[in-house]
Number of protein chains: 2
Amino acid sequence: MKDFIIMGCVIDSLSPQKLRSVEKGCIVVSQGLCRGVFREIPSGFEALPVTDFGEKLIIPGMCDLHLHAPQFALRGLGMDMELLDWLNTYIFPEEAKLQDPDYAKRSYGGFAEALRRSPTTRALVFATIHPQATTLLMELLEATGLICFVGKVNMDRNCPEYLREQSPEASLRATEQWLLETRERFSRTKPILTPRFIPSCSDALLQGLGELQRKYHVPVQSHLSENYGEIAWVRELSPAAAFYADAYDRFGLLGGDYNCVMAHCVHSGEEELERLRQRGVYIAHSPESNMNLASGVAPVSRYLDLGLRVGLATDVAAGSHLSMLRAISHAIQVSKLRWRLLDPSVPPLSFPQAFWLATLGSGSFFGRVGAFREGWEFDALVLDDSNLFHPQPLDPLSRLERAVYLGDDGNIVAKYVNAERLF
Amino acid sequence: MKDFIIMGCVIDSLSPQKLRSVEKGCIVVSQGLCRGVFREIPSGFEALPVTDFGEKLIIPGMCDLHLHAPQFALRGLGMDMELLDWLNTYIFPEEAKLQDPDYAKRSYGGFAEALRRSPTTRALVFATIHPQATTLLMELLEATGLICFVGKVNMDRNCPEYLREQSPEASLRATEQWLLETRERFSRTKPILTPRFIPSCSDALLQGLGELQRKYHVPVQSHLSENYGEIAWVRELSPAAAFYADAYDRFGLLGGDYNCVMAHCVHSGEEELERLRQRGVYIAHSPESNMNLASGVAPVSRYLDLGLRVGLATDVAAGSHLSMLRAISHAIQVSKLRWRLLDPSVPPLSFPQAFWLATLGSGSFFGRVGAFREGWEFDALVLDDSNLFHPQPLDPLSRLERAVYLGDDGNIVAKYVNAERLF
């Protein structure tokens, strides 16, 4: 079993408002689970092997609730359009390339290695419509040691012929076969149903996906209320739906008794929010994406007050960066501009809130994940911040804030996922 | 003399709208000046030594129009307040430490080395009220090879006793002595008059600084219309001024026949903008700072249309990052949120516009700087983007966009300032 102790300057969230720090803290892991943070090794655990990281920071791993593996190659490119034009101009042609096994190996190989080195320990990942490439992506991610849900995307309308599944039946057949092949195959990598978004999915397809969900009990991920043009289009396409989220819900694709993540929810109205709350849907807040595509800014602190489930996401490649550390600072920054430019009634996110979103907020999708608590799963990053020059010693929380704003993958010197050390 | 040729994938701006790229291009530098970009070595220059950077990108150096050296230690910290509270809580106590020569050596030493390694080739730098530490900063910057204007800050009111000059006369005396000591002393580093902002400077002090400007013909830098609380306070403090900029102008501190930079101009009204245009004042647009302090977003593309001079700035430490590459992407991102959240009549900045702001827009403050043109000064960065994974070859402009969004100091493998290679 996985039994060990690591020592260092430990920081995690007690609540969305409050961080805890323990200098020279000990985290005990036994039988693969966290036993808590201690000021010294507690009795009964003296025999466990100890890794002492000294002054280095030890924080929970980051959970990325939404990103697109095939778009990784496009990050930092083509940031000059809104969502729908951007999909047609840049994204769909790129996603079509994943049909080629050689290209898929190169593209997904680069993605998996970058995700392994990033602050992310667990992620929800969109692939493409291609089952073979999606399975390859799952194999590559399984090999990294990360814990991921991966979705073969469904698209049967309103997209280019070259990236369209030929019928609802063909899409469902391919999806079910892929589910059967992958749902038991990996220990860390699991399939998730992934209708791209309402505009790309016919009612017949959504109906069938709802049935697959109920048959196989898999979670669901999709997009919701990201962009004004998209929302208007959904209103046209789904006149029977009361609002955008209802267009998923009427097919049983909006959570409830299973986990469901909807990316963005930038422009969700009150009825939609209430439905998301009732269904326990996770909102994947994607701040850099929402800037880059000029989508807007979700009122995240209000969502937290309403009791909605909210986590953080990079949304690569509408978000340029795979780093959840950057997503934390972006979440704070966009919330300040929303407060200043649009609506002073919704306060900006604080640093502890944004850190909580990236760890506990997102982590709860995966279970008891996102903090160093008794009986919880153990994901951790060890950060060496010694290259972030400062003329004086700093307290732990200041060091963390600097590591988030100024650090990058190079600052991560060790990474643990579910009590296994990846590097 | 400085005579050489460098070869690589050359990119610079033809206009704010248009980038030029020349793969396997040659930049000829002779007698210390750029002679242009060529597809092969032009006749007459065959004997010059050639450095061939192969596939690497060669772009103009970045000019940072506004940053605070003493705040470098605080970057990424204390991002939870607006301007005036932030100054009192975090910044003034930190700036006071620069009085201690040992602390100044550590803090400014770290700053100078980081600036040397950054994409910045020229900068306008605020120091503190302390003449000795300011001169030390100038010595350290001179040694880097960068070209900088450095300002001893003036503050004689509305600031803590520990960071206040004791009278207008004392402030002016110290400033004039510092000017006399430093204006001829360095080849690359020059003094610039630096009243912090109207709230910190009495009328008598501003009057005297105007006289020093006319006596020594030095440029001027300060802050303008950054934050609503600040603007309201200036209205109280300077009831005779028609608007904030007029509070500088009535003392001859707003440019006209000399170079003047005003940081921010987020909330400038029409009269103020017209005055800035008349006086040829440079606006230092500081997008990350304006996010972090929730100040707002300047309508930069409108300023360009109005014929205002605008450049780009990091504004460390209200901006967390010293990298002008990040400032470029931040400028684009905040302009998109301004367009979406506040005012769809002002279009977002394009990538070529934001790149132009960081090179030519800021560079013109320093003369013929910011592009590879015949007879212009030669500042360049050589970027190795080979660590920015992509599964396929990319065209030069796509490579540049990725290097800006995804690169960091580690991608800079050579840096030239005024035809001298720094590393």
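Modeller: Two strands are taken as paired if DSSP finds at least two bridges between them. Keep in mind that this is a predicted model. In chain A, strand S11 and strand S12 (residues 260-264) are joined by 5 bridges and run in the parallel sense, so the pair meets the requirement of at least two bridges. One of the contacts along this pair can be named: His223(A) has Ala263(A) in S12(A) as its bridge partner.

The S11-S12 pair belongs to an open sheet of 4 strands in chain A, ordered S11-S12-S13-S14 and paired in parallel. Its edges are strand S11 (220-224) and strand S14 (309-312) of chain A; each has a single partner strand, so one side of each has no neighbour in the sheet. From one strand to the next, the twist averages 30°. As for the side chains, in a regular strand they alternate between the two faces of the sheet.

Chain B has a sheet to set beside this one. Its 4 strands, again S11-S12-S13-S14, form an open sheet with parallel pairing. Strand S11 (220-224) and strand S14 (309-312) of chain B are the edge strands, pairing on one side only. Neighbouring strands are turned against each other by 30° on average, with direction ignored. S11(B) pairs with strand S12 (residues 260-264) of chain B in the parallel sense, over 5 bridges, and His223(B) stands opposite Ala263(B) in S12(B).

The relation between the chains is as follows.

H12(B) leads on to the pockets. The second largest pocket holds about 600 Å³ of space and is lined by 30 residues, with Gly78(A), Met79(A), Asp80(A), Tyr90(A) and Glu401(B) nearest its centre. Two or more lining residues come from each of these elements: helix H1 (83-96) of chain A, and helix H11 (324-341), helix H12 (351-363) and helix H13 (396-406) of chain B. H13(B) gives the most to the lining, with 4 residues. By class, the lining has 18 nonpolar, 6 polar and 6 charged residues.

The largest pocket has a volume of about 1,200 Å³. Its lining counts 42 residues, and those closest to the centre are Arg326(A), Gly407(A), Asp408(A), Arg326(B) and Asp408(B). Helix H2 (101-117) of chain A and helix H2 (101-117) of chain B each supply at least two residues of the lining. That lining divides into 12 nonpolar, 18 polar and 12 charged residues.

For antiparallel pairing, turn to the strands that begin with S1 in chain B. Strand S1 (residues 4-15) and strand S2 (residues 18-30) of chain B run antiparallel and share 10 bridges, with Ile11(B) opposite Ser21(B) in S2(B). These two strands make a hairpin with 2 residues between them. S2(B) is in turn joined to strand S3 (residues 33-38) of chain B by 5 bridges, also antiparallel, and Val29(B) stands opposite Cys34(B) in S3(B). The hairpin of S2(B) and S3(B) has 2 residues between its strands, and Gln31(B) there takes a positive phi near 50°.

In chain A, strand S2 (residues 18-30) and strand S3 (residues 33-38) pair antiparallel over 5 bridges. Ser30(A) has Leu33(A) in S3(A) as its bridge partner. S2(A) and S3(A) form a hairpin with 2 residues between them, and Gln31(A), in the turn, has a positive phi of about 45°.

Methods:
Residues are numbered from 1 along each chain as its sequence is written. Chains are lettered from A and ligands numbered from 1 in the order in which they are written. This is a predicted model: local features need pLDDT of at least 70, side-chain atom pairs count only at pLDDT 80 or more; totals for chains, interfaces and linings use all residues. Side-chain values use heavy atoms; hydrogens and water are left out. Axes are lines fitted to C-alpha atoms, for helices over the stretch in contact, and angles run from 0 to 180 degrees between N-to-C directions. On a 1 Å grid over the protein atoms alone, a cavity is a set of points where a 1.4 Å probe fits but cannot get out, and a pocket is an open set with protein on both sides within 12 Å along at least five of seven lines; lining residues have an atom within 4 Å of a point. Grid points are joined across faces, edges and corners, and a volume is the space filled by probe spheres set on the points. Ala, Val, Leu, Ile, Met, Phe, Trp, Tyr, Cys and Pro count as nonpolar, Asp, Glu, Lys and Arg as charged, and the others, Gly among them, as polar.
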